[in-house]
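This report covers a model by topic, from fold to confidence. The sequence and structure come first.

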Amino acid sequence: MRIVIIGAGEIGFRVAQRLSMENKDVVIIDRNPDAIKRINDHLDVQTILGSGSSPVLLEKAGIQQAELFLAVTDSDEINLTACLFARTLAPEITKLARVRNQEYMHFKSALTREILNIAHVINPDQEVVRSLERMIDIPGALEVNHFAAGRITLTGVRVCSQSPLIGLRLMDIPERYRDTRFIVAAIVRGEELRIPAGKDAIHDEDIVYFICESPQLENVLSLFTPCSTKIRSAFILGGGSVGLLAAQRLENKGFSIKLVEQDAQRCRHLAGELDHAVVLQGDGSDGDLLREENIRDMDVCIALTGSEETNILISLLAKSLGVGKTITRINKFAYVPLARTIGLENVISPRISAVNTILRHVRRGKVISSVSIKGEEAEALEAVALENSSIVHKPIKDLRFPKGALILCIIRGDEVHIPDGESVILPRDRIIILCTRPNIERVEKALAVKLEYL
Amino acid sequence: MHWRAMLSFTGAIIAAVGLFMFPALLCSLYYKDTGSMPLLISMVCSTFLGSFLYLGWRKHAPETVTSREAMAIVALCWISAGLFGAMPFYLNEAFDSFTDALFESISGFTTTGSSVLVDIEAVAPGLLFWRSMTQWLGGMGIIVLSVAVLPILGVGGMHLYRAEFSGGRQDRIKPRVRAAALSLWKVYILFTVLLAILLLLGGMNLFDALCHTLSTVATGGYSTKNLSMGHFQSAYLSIVVTVFMFLGAVNFALHYQALRGDPLALWRNSEARFFLILVLAAILIIALTLWATQTYVSFLDALLAGAFNLVSIITTTGFATTDFETWPSLTKGVLLLAMFVGGCAGSTAGGVKCMRIQLMCKHIFSECFRVIHPHAVVQVKMSGKVVEENVLAEVCGFLGLFAVLYVAASLLLAAMGLDMVTAFSASIAAMGNIGPGFGSVGPAENFAHLPAAAKWLLSWCMLLGRLELYALIIFLIPEFWKK
């Protein structure tokens, strides 16, 4: 599978890294020699130096033989121009483009229909606000991912010391809690991610990833973190486009919002755009301002300024001032695990969100959605079992399924089934699979091995 | 200063006033009353003189006028319309003096409705028709003023409506001022026709129906009866008139949008919504008070009387179905406050306008908010759009000036020997273009007994209020007369 990527920035780099690890044929174009050098130094992919919107270079990159085209430069216009040429050079190719301008997003159909025919328009700001909303809607959760059109959720949660589940072995849980059905998919203890067996027990401070039906989510969460409260008010720091979008969404939900922004001109604009939110002009890292505005009584502090260092500092400051929950926006991938080690658990990153969206499209066969959990170490895939796949019509215990992978859920029509060894997957069932990274390729093969003969 | 432009504009207005005397003349001839000669003479004089001025200076009129010239033209137009409109009254024996005739005419053209007539029913029908006609013309004038002149001059926060009429975004109804004025006139005429038909259906004769229609859509308040609307004793008529007084006090641009197939425009507009809620709340307070104090035995009667008289006052019309002077003091207090509010900007109503009250409240709230959150950045908004600081400043300036002028006028009236209630209510009744006040100028009384000086002062106040203060005030400022 050949993939052409234009833009060797953080998103392009990450996607290329992931895909090259899975032995995909990646060509990356960027006009910045340093970015190209960085790719050459770290990754085993083909690079071309030059403008991504140049049709000559696109042809040279072999776009006619490629199946997927990713336009992820920093410039919307270059991305869209490149998509236009890609459409002409290779009419059948699937195109994904990163578009940041909110005004373009209001006319999304102009990008996804006839002329450009972009399969998915990725707006990092919108993606990050969406994940922010999920974090806030479901307090206590570190990460929430939806599968099967929202009916199933995979949720990551840090076990609170008052949880009644501590010390219980996983195999004993269903008996104890008959009303709330869930299955633990992965446990992160310290730095290690493990796919648990029935004998494993839940410890205090573990991060547990579990699968359950969406309506059940609140009940299950209250078992893991009985201490977290429902969020009604938010302190947002940074009134850029993400800050504004977040404030607008939360305001519509009836939250009480305080939004801090440094630039006076921008503040006036924000105050005009927002109806009830209190817009404050000042430095978000100024403890006096936060104290004066009673940050202690707010349910969550969301640091969304353009500088991730500032965001981290603000979150630590807010924590020390007594805020229950902090959400920190971090752009650099390298900082994400760091933030966790200093106690900032809720991290959102426009780039990670964008990378996840892109990877979902890259997956072969009928993978419908995929997310990466615990940063990168494992991936949850949602897929439709095909008639000719090797996994159907057999009990699960007889499948030659890789070790690090686990079938979490089988969805047949409206029924959600949490499988055991005797379960059988039928064609057209939707399945959710968790697997650690080295096994992704094998799982993909198992799902789609006969696809090529179709 | 382009005096020629002013003369030509004023001439056009005088000629128009003369031409509009023609229907009144027809009416007078039909009733064979004493008004025919005065109306004929005035019509010929005004039309002739007006045309002379207009045609004589039209060629010399410049293409554009400066804003102070525009102000002066507006003031001159109203004053000359008042002067020439007073001619038929002056030439008829029903009015004692020139002062009375002028007071009546200015009260008409400013859509106020205060009258010096003691026995209205004894006056020639042709003159009564002309009285109502002056209000209707005044209403038309005020629509043009609020569409074309005030938003551009930005008087007292009217900048807010600049976008609405001349080049803004979604509120814009027609790109050009002239076209906008014409479409609003269409709405005005449509309301006039509709109301006349409804009043005829309610059993009024043609003469009464026409006169009341003309003074209702203009929110003027001249009646042909001594007891005003109370004469008719009909629930149907009072409901119909209540509704049309209300409509006359809502921004005509919104009516236009509503009639063009967007009825929700009225509700989306924050000023119209505020006005509606205010009116409903005030009606409820008045009706409950009237009912609780047994002024009316049945709640329905209390509601009907409360609604009619409150709407009549707050829309600055000035009809009455009853002598609300005898009502309990709480209701009178509500009515007095209603006099200060007035209708919406862009309507025929007077008063300080809901828009300014609303902006002032929001401004005060934002100031309080800033005290609680010293770092907060607050933007005052109307209908979801940010109101600029200079508009707020203009509004505050307008309200301050209004208060100062109101107090000054009241004190002057008191100095002329009027009792306190009369002095303080007559001045707001004139400045707000309402009509009746309280005390000896209450709904059952008239302005005939006031000294001549008070009548001149009140005529001045009516013009002040109608022209949004500044158009007249600037004449008093030396800077205006400098080259």
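## Chain A

Two residues are in contact if their C-beta atoms, placed from the backbone, lie within 7 Å. Among contacts in chain A between residues at least 6 apart in sequence, those joining residues at least 24 apart make up 63%. This is a predicted model, in which local features need pLDDT of at least 70, side-chain atom pairs count only at pLDDT 80 or more, and totals for chains, interfaces and linings use all residues. Residues are numbered from 1 along each chain as its sequence is written, and chains are lettered from A and ligands numbered from 1 in the order in which they are written.

Chain A holds 16 helices and 22 strands (DSSP runs numbered from the N terminus: helices are H or I, at least four residues; strands are E, at least two). Its C-alpha trace spans about 65 × 60 × 40 Å along the principal axes.

## Contact between the chains

Eleven residues from chain A and seven residues from chain B form the contact. On the chain B side that touches chain A, four are nonpolar, three polar and none charged (nonpolar: Ala, Val, Leu, Ile, Met, Phe, Trp, Tyr, Cys and Pro; charged: Asp, Glu, Lys and Arg; polar: the others, Gly among them).

Strand 14 of chain A (residues 278–281) pairs with strand 1 of chain B (residues 376–377) in the antiparallel sense, over two bridges; pairing requires that DSSP finds at least two bridges between the strands. A:Val279 stands opposite B:Val377.

## Confidence

The model scores ipTM 0.73 and pTM 0.78. Chain B has a mean pLDDT of 88, with 94% of its residues at 70 or more (pLDDT is the predictor's confidence in each residue, from 0 to 100).
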